[in-house]
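Subject: Structure for your attention

Dear colleague,

Please find below the structure that I am handing over to you.

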Amino acid sequence: MPYYRRVGEVPRKRHIQFRKPDGGLYAEELMGEEGFSSDSSLLYHVNLPTAILKSEGVDLPAHSAGASPNHPLMPRHFKPHDLTTGGDPVLGRRLLMANDDVRVSYVAADSDGELYRNSAGDECVYVESGTARLESTYGALDVGPGDYVIVPTGTIHRFVRAGTDLLRLMVFEASGHIRPPRRYLSQYGQFLEHAPYSERDLRTPDEPLVLEGEDVPVLVRHRGGLSRLTYRHHPLDVVGWDGHLYPYAFNIDDFEPIVKRTHAPPPVHQTFEGPNFVICSFCPRPLDFHGDAIPIPYNHHNVDSDEMMFYVGGDYSARKGSGIDVGSISLHPSGFTHGPAPGAVEGVIEAVRKGHTETTEMAVMVDTFRPLNIGSQASSVEVGDYAWTWAR
Ligand SMILES: [Fe+2]
């Protein structure tokens, strides 16, 4: 993360004796990326963060495993709201699509998560609806609809639901780190003035969460699968931490859209970047305002990308008549040129002529630079005739 944070108690210098009221030492832990060569934080635990009692293999649930190539190749439309609901925010994830860089899942959780650590990469959890408290070694962070929650690799955490509503999450599990786009940051990591959001828009844990307990299980996702490690002491026993690495939330409503007189391409909507993929936010904004503008996308073929779009709010005029609605997911793969639904261009030009000046569309998009395979859960809620809707 671009900026330094300090929460709770930390000693005056790094790596010096830091003692508890009873005279014993707190246990210092470095959480750092890229082998001591990138962002890190130092956390101070009441007990040793290394003391484990056992490790057991855990089978990946069937709804979280397996994805097949998009073959025969076609654009697709899925309705994740039609998936069965229930489960917790981790083991309840239904795999929608995946490649070696990112796995995209959807879960409508009806129970709290157990403690969980993803050691294979960062997670970006988009909260579609419901509220929860993210509890982690860094403290607690309240999250709700429209939040992107970035959880760094290795962070032990859990989502505790704040109410009885289903907690609907779209989860992007990266094979590396998810960060703000490099081009929006200064040489030293401060958000630049042309960035669509800034440090003030990010929410972070601001109080330590010192929990007690013994024999505490933690589910760990690692390159080899899932394991459950039992810790001698509760791992959320941190009295203070400081550094540049921590979980944070950014709400899609805080994204400041970048607009042009004529249609701007999706990079203006980019919100995060991960290994071989980007995450973009399409937010309500003025329509393109050149007198002769066509204020929806032109037909396009990003020859290196598969594009998955999750429609989370408003009215998406470019897809009018295609069956896509709020709650839909479209997948437009490389190898297929996609664009507005038939009649959508004429429709929006006419709407502008009648005084329409804004779009209310809201969508979360991931563009990957390698093809996305399709999970059986997605296939089970596919709307079969989408591919042919442009030919109607
Ligand atoms: Fe597109």
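Which residue in β18 does Glu-214 stand opposite? The residue is His-233. Please bear in mind, here and throughout, that this is a predicted model.

The strands around this pair

With 2 residues between them, β17 and β18 form a hairpin. Strand β18, residues 225–233, is also joined to strand β4, residues 52–58, by 6 bridges, and these two strands run antiparallel. Within that pairing, Glu-56 has Arg-228 of β18 as its bridge partner.

The chain as a whole

The chain contains 2 helices and 28 strands. Its radius of gyration is 22 Å, close to the 21 Å that the globule rule gives for 392 residues, so the chain is as compact as a globular protein of that length. Along the principal axes, the C-alpha atoms fill a box of roughly 75 × 45 × 40 Å. Of the 392 residues, 42% are buried. Among the contacts with a separation of 6 or more, 78% are between residues 24 or more positions apart.

The two domains

The domain assignment gives domain 1 as 51–73 + 81–251 and domain 2 as 255–391. The centres of these domains, taken over C-alpha atoms, are separated by 26 Å. Their contact takes 37 residues from domain 1 and 35 residues from domain 2. On the side of domain 1 that touches domain 2, at least two residues are supplied by each of β5, β7, β8, β10 and β15. The largest share of that side, 5 residues, comes from β7. By type, the residues on this side of domain 1 divide into 21 nonpolar, 9 polar and 7 charged.

Backbone details in the loops

The peptide bond from His-71 to Pro-72 is cis, with omega near -5°. Pro-72 lies in the loop between β5 and β6.

His-15 has a positive phi of about 60°, although it is not a glycine. This residue is found in the loop between β1 and β2. Is His-15 buried or exposed? A residue is exposed if 12 or fewer other C-beta atoms lie within 10 Å of its own; His-15 has 9 such neighbours, and therefore counts as exposed.

Phe-36 likewise is not a glycine and has a positive phi, of about 65°. Its place is in the loop between β2 and β3. With 8 C-beta neighbours inside 10 Å, Phe-36 counts as exposed.

An exposed histidine

Finally, please examine His-290, which is found in the loop between β23 and β24. Because it has 11 C-beta neighbours inside 10 Å, His-290 counts as exposed. Not counting residues up to four places away in sequence, His-290 touches Arg-261 and Thr-262. How far apart in space are His-290 and Asn-276, C-alpha to C-alpha? They are 34 Å apart, while in sequence 14 residues separate their positions.

Yours sincerely,

A colleague

How values were computed
Residues numbered from 1 in each chain as written. Predicted model: local features only at pLDDT ≥ 70, side-chain atom pairs only at ≥ 80, totals over all residues. Helix = DSSP H or I, 4+ residues; strand = E, 2+ residues; numbered from the N terminus. Buried ≥ 20, exposed ≤ 12 C-beta atoms within 10 Å, placed from the backbone. Rg over C-alpha atoms; globule rule 2.2 N^0.38 Å. Contact = placed C-beta atoms within 7 Å. Pairing = 2+ DSSP bridges. Domains from an automatic or database assignment. Nonpolar A, V, L, I, M, F, W, Y, C, P; charged D, E, K, R; others polar.
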